[in-house]
Each structure stands twice: as structure tokens, then as C-alpha cells.
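Keep the structure open beside you as you read.

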Amino acid sequence: MSDQIAFSEEQAMLLDTATEFCRKHSPIETVRARLGADQIDAATWQEITELGWLGINVAEEFGGLGLGLSCVVPVAESMGRYLMGSPYSGAIIASECLATSGSRTQKEEWLPKIVSGAIGSMALTEPNGSWLLDEIGAQAVERADRLELSGTKCFVTDADTSDFCIVSVNVEAQARLVLVKREQIPAGNLHREVVIDETRRSYQLDLDGITVPLDQLLKGSDFQAIEFASLLLLSAEIAGGLVGSIHTIVEYLNTRKAFDKVIGSYQALKHPTVKILLDLEAMRSHLYHAATRLAEGNTDEAEVALRMAKAHGSAAFAFAGDRAVQFHGGFGFTYDCDAQLYLRRALWCQYQFGDEAYHRHLLEPMLLDQTG
Amino acid sequence: MTNTTDIELNEFREGVSAWFNENKPSDPGFLLPETFMEVGTDLQFEFLRDWQRKVYEAGYLGMAWPEEYGGRGMPQVFQDIATQEMASQRLPFMPNTIGLNWAGPLILKMGTEEDKQKYIKNILSAEDIWCQGFSEPEAGSDLGNSQCRAVRDGDDYVINGSKIWTSLGTYAKYMILLARTSSSGANKYAGLSYFLAPMQVEGIDPKPIQKLTGEYGFCQTYFDDARIPADCLMGSEGDGWNIAMVTLTFERGATGGQAGGIATMELSINDVVELSRRAMRNGKPAIEDPHIRSQLVQLMTESRGNQLMSARARIPALATDWPAAVPLSGKLRGSELKRRMCQLAVSLQGANGARFVSEEAIDGGKWQRSYFNSFSGTIGGGTSEIQHNIVGERVLGLPKS
């Protein structure tokens, strides 16, 4: 039996570097200045590219570092901690999707580009808000050597600046994935969405009128790989977000006075803060356990660990954000208070790729109905 | 036996496993306690004492303790294997917990040759049951404030005062006793002394306390001019605090050297899942109820997270912001989880959740009793509320409440 949690030197180094990087590039003033931004932060993206972080999970033969997704976790966690808005997770999931579902040619064409800074994003969710990735309304029909797309996708992050989107569609009643390049999307087909987390640049993508060559249909359709990668990175972001929200709460509890006492001395505030800390410790343990199992290729155990991480984390982060607002009192009710930033981030993370009730429900047969 | 091979160990494990399989006690016909703190009837006590004696006589207890005092002088790994086997076969626990795990290792470490000859073998065989006299009604967590007095008078010490939460007090032959021999000195700790005190002495009266379960699991022990021989003093007068601290390192498992054997019947969430297959709600097994299923999964998630924390705490790079969070919250997490598991186990039983220890109750009412007993974990050793304060103050750096 291998270790429950393995943590390599590479992971430790990345955690160190990424924490420092995000602290420097995403102080709270920068986060606020970028709320609702029109553009991605190109300079930071350039640095992320140069650091090699876009190639962490990409195989060496395609120009990456070949370290696997588990080494992306420390980076995503650090970004979450400092509320960094970045196309990073989207790009990583896109490269993971190409690696698991792309043909040799598709990988050779796109993976090296991603490693050198091309932005990819995923277009999976539809207006009905379903989390079932392979139940799809969008269609792709073959016509004159091209695929004609129709339907609508939502929550496509950074779609306006992406070099390509990977879109889930039905092709002859099969759930498939198709790569759409930026120049194939008419400007009028992208609409900025108003979303709860203002650090996110989210778009609706209308597929009607878009056509792409047949060879842009991905060879495979590994939706499980997409879901696993998404759950892992979201959970990492949640763990980081919990750390950030605890620091924010503790700082206020240690300075604000009420009735001549520092409010952190009141147990009504102190005890729930401890609960948030212990939730973080548990959820972070699930997270790195999941990363360990994924790295081993133990898919069954990885799935349990990932769903546990996302379920525990979704509830914990939402609670942390909720309490952060409450504990700041009147100030917490204002836009100027940073607590709302964490609450908004928490709610985004909670409702992307399944909330706690959804994942618990999926865990039920895995944990309760297997005998032996 | 310095170089033990894996082959030897495997053979040994097979032998142990076979012995326990053949010799495990049959169902006593009454509900057994789950820890030594819960032993409430003579029947329960005798059953467990006999079982400990049998295990000792078979050679599976005190295996690493010195041969000259009743142990077997073997490497610790053999005892660990035997202990693991007792746990995995879910056998009854060794009731002389304080003797085996606290007083015994203490005597081996700090006692005189005479002490070792006199006490160790009978601790192992459960001939002499030991209890602990540390807490007092007015000094719970604040041990240094103990007020029970010991006054030297000729060849005796005369003891006055009382101790509380004395588990097995009525069965014990000896007590590890912390008492005040002086009120002067540099501080409150300086006047404390440590005794290996006999219990069957005039003036020592362990009075059973009835617990919320209705059972009697521990005592308040009254001392009324009780005379104990002066040679019961361990070390010198004034050494009490230091010896008590050494005892606590054994009690908390921070130091090795215990006799081995399991001390409690562990409860895991899998036991609750197993119960949910048998317990019925509205004519169907509870495990088919959507509400129960969701709660089970939630607790399984928490339980797994709790287990994984010790693995993660061993990786310093993953404990940078609050390195003490995991170690300082162990009791809080474990005891609260156990309480909530027991709560769920009761709540999934339909109308039968309202039963208590009786033949009609599911599993004889074990779950209801476990739920009530689980408060010993969330209250004893500093309540969960105090634990929240400790973590908030020492880990997060919040001001004192």
C-alpha cells in the first residue's frame, strides 16, 4: 500500500515559488483593480508562461515538463489563496483534455502552443446549468467536409482572449469534443456574462453559425478526464481560498474592538473560525490525497478522493465566505470589505462542476452499495 | 533476538492470529463496555479481567517488558503484532488500562527494584487493578492546584481530601496518587508528591458515581485520615509534579513502553454503515433512505479527512501557515466525530432509536449507550469548547477569551 499522501520535491518547490509569485502579483489592491477587467493581465501571463507552469502537466515530447497534474495543484492553490484572476486553470484543463482525447496530430499541433502561452478554454456548461458533462444540447452536424455547430455554451472563461475553445457537442447522438479556433468565432457570438465572482471573465458562446473543418473534432471523448482535472484544480483553488479567508478573518478579529475588547476574544467569533480552520485542514488532506491517487493512476480511489475534496471544500469555503462577511459587521455589508471577494469566489467554486449535495449523491453508490 | 526476519514475524503473526481465533471469548450474554472507564458491573469486570489474564498467560501481553518482572523481554514489534491482531479481530479490551499503559511503564522507568518486583507481574495478569488519583472536584484540568493532603506521621502518610473520575475505583488495589505534602515552596507545583498508594485501607472510600447512561463507571474517592505506608512515596517529597508529567506522556501515548493490548473498542464509520444495512426505517433498511445515505457519506468524508490529516501532518511543506493546527486539534476532531457518528447510529433506527440498553433494542442498545458515553471524550481532558479556545488562541493567534 503506497502512501496516503505523497508530496514530491517538485511539488514543494512549486508551492513555494507559486505562493511567492501570487503574493507579489496579486495583492488585494490588484485583485480589486482587475474586477470586471476587459483584458487578461498579459504581463503576468507572460511570466507564468516563462516559468514553465503551462507545461507542468504536458508530456516532455510535446515540450512540457511531464510532471503530471498533481504538480499543478500547488500552483492552482496559490492562485486561489491570493484570489488571482487568470486563464491558467482553463488552459491546463484544455491541455489535459487534448492529451487524453486528442489524436497524435492534434496533440502535436496544440500542446507545444499551450506550453508557450496559447490560451485554451473549455465550453461545457449550457444554459440549463446541468453538471452532467455528457448530456449535451449543442449539436455538430457534418456538412460539406465541415462541422456545423449549433447551441449555446455558458461559463466559458476568458473566451474572448482564448486562442481556442474546446466545445462539447453531440455528433450523431454521441457526446464529443470539438476544438474551435478564435478566428472561427464571429465577434457577435461571444457575450460577457454577469457572474458572481468578478475576478472571473466569463462568456456565453453562441455556436449557431460556427463551422469548423472535420479534423478539429477530437479523436476521443474522455469526459471523465475533463471532470477529474476540473475537480482537482477547483479543489486546489478552494483550499487556497480557505487559507486566504482565514487570514482575512483572523486579521480583523485581532484588530477590531467592540465593548472595549478585541472581538477575537469573543467565543461566538472564535469558535466558528476554528471550525473553518479544521475544515481547511481536512479538505486540504483530501486534495493532496486525490492528487496522489491520480498520479498513481488509481482512478477509482482518485474519484472518491476528488468528490470528497470538492464536496467538503464547497461547503467549507461557502461557510468561510459567509462568516467572513458576518464577522466584519457593518463593514462586511459594504463592497469595500474584502470578505465579499472570498464569498463570491466561494460561490463560483461551489456551483462549478457540482456542489456538495451532487458529489455526495454520486459517492453514495461508491461507498455504500459495494460489498466486500 | 536482535535480528528478526520478516519470515519470523509472519510466522509469529500467523500463530497469534490462530490463537486469538481459537481462544476468543464467546458472547457473554450482556453488553460489554467499550473502555475501562465504562466498566459498570461485577459481571463486566470479571469477564474482562479473566480475558486479560488469559491473554497474559498465553504470552501476548507485556511481551517487551523485562522477563525478570513478568514480561517476556522480546522486541516491541512482537507485541505490536499481537496488539494489532486483537484490534483487527475486534476482541474485548484489556481492563487494567491504567496499570498496563501508565503506572506500569512509569514504575519500570522510575520505580525502585522493589517496586518492579512487587507490581509489574500483577499488573500484567490483572491480579492487581490500578486506578488514578489525579483530578479533584475543584481541580480538573488544573492539576497543579491539587488540594488532597498527605501529612507524614511516623512511618505513615495520612491522607485527607478527595479525588474524582476514579475509573475502576471499587476494583482497584492500587492508585497512582498525586497529593500535596506542603503548601509552602516556590509555587503550587513544588508541594506535590506522588504515591503508589494501596486502596484497601481504612479511610479510603471509593463511592461510585452514576453516569448519564445510568451505569456506574467511575468513582469519587474520599480520603478520611487514611494511613498509607511512607514507603509508598515515589521519589522524594516535592517530586510529584514531575512524575505526574511523565505519567501523562505515557497516558497520551507520547512515550512508548506500554504493555500493549488494546485499551478501547474502536468505533469506525464503517460500523455505522454496517448497522444501517440491518436497522429498519419504515420497513426498509436504513441504508436505502436517501436522507440517511447522504448523512453517512458526509460522515465518511469527514472521517476520511480526519484519518488523512496525520499523513499530511508528516509533510512540513503542507503545514506552513498553521503548523500546530493538526496536532493541537486531535482530541477535538476525534471526540466530536465519534459523538456525531453515535448520534447518526441512533437516529437511523426509526422508532427504535428511542430504546435504551435492553434486549429489544438494536444491538442491545449499544449505540444509545455509546452516544451517551461519547461525551466523556468531548468533556474529559478539556471540553470541546476549551479545545476551540486552545486552537483559536495557540494556532490562529486570537486573543484569550
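## A term to start with

A residue counts as buried when its relative accessible area is under 20%, as exposed when it is over 50%, and as partly exposed in between. Please keep in mind that the model is predicted.

## Where the two chains meet

Let's begin at the interface. Here 42 residues of chain B are in contact with 41 residues of chain A. Between them, the two chains bury about 3,600 Å², and 67% of that is on carbon and sulfur atoms.

Polar contacts are found here too: 19 residue pairs across the interface of chain B and chain A make them. Which elements of chain B give two or more residues to the side that touches chain A? They are helix H7 (269-278), helix H8 (290-313), helix H9 (325-328), helix H10 (330-347) and helix H13 (384-395). H8(B) gives the most, with 15 residues. Sorted by class, this side of chain B has 22 nonpolar, 10 polar and 10 charged residues.

## Salt bridges between the chains

Side chains of opposite charge can pair when their charged atoms come close. Over all chains the count is 43 salt bridges, and five salt bridges are counted between chain B and chain A. One salt bridge joins the side chains of B:Glu393 and A:Lys270, at 2.6 Å from N to O.

Another salt bridge is formed by A:Glu281 and B:Arg312, whose closest N and O atoms are 2.2 Å apart. A:Glu281 lies in helix H8 (residues 267-296) of chain A and B:Arg312 in helix H8 of chain B, so this pair joins two chains. Are these two partners buried or exposed? A:Glu281 is buried, at 7% relative accessibility, and B:Arg312 is buried as well, at 1%.

## Salt bridges within chain B

Now look inside chain B. B:Arg53 and B:Asp50 form a salt bridge with their closest N and O atoms 3.8 Å apart. Both residues lie in helix H2 (residues 42-58), three residues apart, about one turn of the helix. B:Arg53 is partly exposed at 27% relative accessibility, and B:Asp50 is partly exposed at 38%.

B:Lys173 and B:Asp128 also form a salt bridge, with 3.5 Å between the closest N and O atoms. This pair links distant parts of the chain, 45 residues apart: B:Lys173 sits in the loop between strand S3 (156-167) and strand S4 (174-180), and B:Asp128 in the loop between helix H5 (113-124) and strand S1 (130-133). B:Lys173 is partly exposed at 34% relative accessibility. B:Asp128 has 2% relative accessibility, which is under 20%, so B:Asp128 counts as buried.

Definitions and conventions:
Residues numbered from 1 in each chain as written. Chains lettered and ligands numbered in written order. Predicted model: local features only at pLDDT ≥ 70, side-chain atom pairs only at ≥ 80, totals over all residues. Heavy atoms only, no water. Contact = heavy atoms within 4.5 Å. Buried area = accessible area lost by both parts, 1.4 Å probe. Salt bridge = Lys/Arg side-chain N within 4 Å of Asp/Glu carboxyl O. Polar contact = N/O pair within 3.5 Å; in protein donor to acceptor, adjacent residues only side chain to side chain. Helix = DSSP H or I, 4+ residues; strand = E, 2+ residues; numbered from the N terminus. Nonpolar A, V, L, I, M, F, W, Y, C, P; charged D, E, K, R; others polar. Buried < 20%, exposed > 50% of the residue type's maximum accessible area, 1.4 Å probe, protein only.
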